[in-house]
Each structure stands twice: as C-alpha cells, then as structure tokens.
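Subject: Structure handover

Hello,

Here is the structure for you to look over. My notes on it follow below.

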Amino acid sequence: MADLVERVLKEAAERESHYKTIEVHKDIELEIDPGNLLTVDTNPLDATKLKKNREEYLKSLARDNTQLLINTLWQLPTEKVDEAIVVKLPDPKTPIPREKPVPKDKALTKWQQYAQLKGIQKRKKSRMMWDDQSKEWKPRWGYKRGNDDTQEWCIEVPDNAEDPNVDLFAKKNKEKKERVAKNELQRLRNIARSQKSKVPGVGLTPTEAPSKDYLGKALALARKSTASIGKFTDKLPTEKPSKHTGKKRKFEPNYGDVERESKKQLKILNHIQNRIPIVNTTKAANRHIMEEQRSRARRRREEDGGKQKGGKNKGGGGKKKGGFKAGKKGKAGGKKR
C-alpha cells in the first residue's frame with residue numbers, strides 16, 4: 001500500500017513539473033493595460049540565455065508576461081453570462097492608432113425617430129403563431145405562414161362596395177404590390193437620408209383632387225414622355241411656358257467668330273479690373289481744395305474774433321458811437337432835397 005501511494009505521488013510530481021507556477025516575479029513591474037489586453041515589459045533581456053536558446057527564452061518571457069496579464073484580469077469584477085464567467089474590462093489607457101476611422105452610428109429612420117419621441121417600445125413577437133384554420137402552429141411570416149389571406153379561395157363582397165363585379169383577387173394582389181413598392185421606396189429614402197443624398201423621383205402619384213401645380217407638372221411630364229423627349233410635341237395656342245422644365249445649356253462651337261471671342265475676353269478682363277479700386281484724381285483734388293478753403297475760413301474767423309475782443313478792452317467799456325449811422329441818414333436826406 002505504501003508503495004502504491006509513493007508511486008501515485010511521484011507521478012503527480014512528474015506531471016506538475018511540466019507546468020510552471022502562476023506566480024511570476026519580475027525585478028521591474030510590468031505596465032499592464034487590461035482595457036487593451038496589453039502588457040509592456042521594460043526588464044532588460046538576459047544576453048546569455050538569448051544567445052544560447054533564443055526561441056525557448058522568448059517563449060518563456062511571453063508565457064510569464066501573459067500569466068501576469070491573466071492574473072490581473074482575474075482581479076477584475078466577473079459575472080456569469082450563459083453559464084460562462086466573463087470579465088468586464090475597464091477603459092483602455094494606451095491610445096492605439098486605428099487603420100480606419102471609427103464607424104459612425106447608423107442614422108435612425110423616421111419611424112424610429114417618432115417612436116423615440118413618443119416613448120414607444122418595440123415588443124418582440126414570437127416567430128410561430130397559432131393558425132385557427134389548420135389548427136396548428138405556423139410561421140408568422142414568410143412561406144406557409146399562418147392566417148395567409150392571399151390563399152383564400154373565396155372572398156366575400158362587402159355591402160358598401162361601389163362595383164360588385166370587381167375582381168377582388170386582382171385588387172388584393174395589386175394592393176399588396178403597392179405596399180411592397182412603398183416599403184421599398186421608404187427603405188431607399190432611409191438609406192439616402194443616412195448618406196445625405198437624394199432618391200430619384202418616382203413621377204406623380206395619383207390623387208383625387210389635383211391642384212393647378214399638380215396638373216402643370218403632370219402636363220410637363222406627359223410632354224416629355226415621347227420618344228423625342230417633347231421636342232416635336234405641339235403646344236396649345238394659349239399655353240404658357242412650363243415652370244417645371246429646366247433651362248437647356250447652350251455650348252459654343254470650338255471655332256467661331258474671332259471678334260465675339262475677343263469681346264468676351266475683354267469683358268472678363270474688365271470685370272477683373274473693376275474689382276481693383278481706381279483713384280479719381282479730379283475728385284481727390286476738389287476735396288483737397290475744399291479742405292484748404294475750410295481751414296482758411298476757420299483761421300479768418302479766429303483772427304476776427306481776437307480783434308473784436310481786443311477793441312472792447314481798449315475802449316474801456318464806453319458806449320458805441322452813433323455818428324456813422326446818423327451820417328448815413330443825413331446823406332440820404334440831402335440826396336432827397
């Protein structure tokens with residue numbers, strides 16, 4: 001019995017000798033970034049071991065560094081998802097360049113925007129449903145789906161039908177094709193809206209009360225629906241030019257009138273020169289003369305004002321002489337006599 005125990009322990013020790021321990025010692029601690037699952041080893045390499053057996057030495061270094069990274073991951077909070085233990089990684093610390101830009105979020109459709117605004121939550125429906133006619137479970141959509149109204153062999157004519165002789169089967173198939181076409185157009189519009197482009201027009205949809213603008217557009221489209229794209233279509237006597245037709249571009253010939261070409265080039269040259277401000281010498285000279293006259297008149301007023309103040313001071317504040325005005329009157333009176 002003792003020999004058996006000794007042999008079992010010996011075999012276990014031999015098996016364990018093939019595996020290294022999970023405890024790894026490093027002189028310099030590694031820089032570990034769990035968010036990127038990155039480990040940076042700054043310890044110097046052992047030149048002797050590297051020269052002796054390069055592959056084995058590098059494998060042992062990689063194993064030890066990976067073991068330290070795994071030890072760090074097991075220290076993070078874990079949770080169980082689908083009978084598997086997962087670790088929630090923290091935010092990465094080391095910025096790593098990307099080959100391509102970060103993908104943008106997918107643009108919401110009109111219905112998704114409306115549902116988000118109104119707080120409507122999508123409820124997931126099961127794929128299978130109960131069919132009352134066949135009394136069995138059938139797919140909700142697709143081939144052999146349950147409650148398929150397109151497979152009915154008899155359709156009841158409603159009491160409020162305008163024409164009881166209308167083929168209801170053909171009408172139902174037509175409505176289905178219109179729904180499919182409408183969904184496809186809406187899908188293309190959502191794609192175009194996300195890519196900031198336009199969807200080509202689908203013509204005019206039928207309406208019960210067409211407006212004047214609608215009729216004008218319909219007439220323009222009908223005129224261009226011929227093989228000549230409306231080139232030889234006759235116009236009505238009182239028909240006005242359509243607002244919905246674009247202007248046709250006109251191209252000049254490669255060789256033509258030289259005089260016309262020179263006028264066109266001169267027009268472009270004059271347009272460029274007009275952008276440069278041109279100095280009007282006559283206007284500038286008149287402005288200079290006007291400023292000189294104003295400054296001369298200002299100096300004259302200042303000098304006259306100084307003389308009047310000086311005369312008052314010399315006169316000692318006496319009364320004004322009135323002989324000058326009296327003489328004028330006397331002179332005038334003598335002439336009358």
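Asp 64 and Arg 63 form a salt bridge, with 3.1 Å between the closest N and O atoms. A salt bridge here means a side-chain nitrogen of Lys or Arg within 4 Å of a carboxyl oxygen of Asp or Glu. Asp 64 is buried, at 18% relative accessibility. Arg 63 is partly exposed, at 26%.

A word on the source. This is a predicted model, where local features need pLDDT of at least 70 and side-chain atom pairs count only at pLDDT 80 or more, while totals for chains, interfaces and linings use all residues. Residues are numbered from 1 along each chain as its sequence is written, and side-chain values use heavy atoms, with hydrogens and water left out.

Back to the charges. Side chains of opposite charge can pair when their charged atoms come close. The count of salt bridges is five. One of them joins Lys 138 to Asp 131, at 3.4 Å from N to O. Asp 131 is buried, with a relative accessible area of 4%.

Another links Arg 187 to Glu 184, and its closest N and O atoms are 2.6 Å apart. Both residues sit in helix 5 (residues 168–194), and about one helical turn separates them because they are three residues apart. Helices are DSSP runs of H or I with at least four residues, strands are runs of E with at least two, and both are numbered from the N terminus. Arg 187 is partly exposed at 42%. Glu 184 is partly exposed too, at 36%.

Next, the aromatic rings. There are two aromatic pairs. Trp 111 and Tyr 114 make a tilted pair, with ring centres 5.9 Å apart and planes at 35°. The rule takes rings of Phe, Tyr and Trp (its six-membered ring) with centres within 6.5 Å; planes under 30 degrees apart are stacked, over 60 edge-to-face, and the rest tilted. Trp 111 and Tyr 114 are three residues apart in helix 4 (residues 110–118), so about one helical turn lies between them. Trp 111 is exposed at 53%. Tyr 114 is partly exposed at 42%.

Trp 130 and Trp 137 form an edge-to-face pair: 5.6 Å centre to centre, 70° between the planes. Trp 130 is partly exposed at 38%, whereas Trp 137 is exposed at 57%.

Now the strands. Strand 3 (residues 78–81) and strand 4 (residues 84–87) run antiparallel, joined by four bridges. Two strands pair if DSSP finds at least two bridges between them. Val 81 has Ala 84 in strand 4 as its bridge partner. The two strands form a hairpin with two residues between them, and Asp 82 in the turn has a positive phi of about 55°.

Last, the largest pocket. What space does the largest pocket hold? About 720 Å³. A pocket is an open set of points on a 1 Å grid over the protein atoms alone, where a 1.4 Å probe fits, with protein on both sides within 12 Å along at least five of seven lines; lining residues have an atom within 4 Å of a point. The lining has 20 residues, and Glu 239, Lys 240, Pro 241, Ser 242 and Lys 243 lie nearest the centre. By type, the lining splits into nine charged, six polar and five nonpolar residues.

Best wishes

Terms used: Grid points are joined across faces, edges and corners, and a volume is the space filled by probe spheres set on the points. Ala, Val, Leu, Ile, Met, Phe, Trp, Tyr, Cys and Pro count as nonpolar, Asp, Glu, Lys and Arg as charged, and the others, Gly among them, as polar. Buried means under 20% relative accessible area, exposed over 50%, partly exposed in between (1.4 Å probe, protein chains only).
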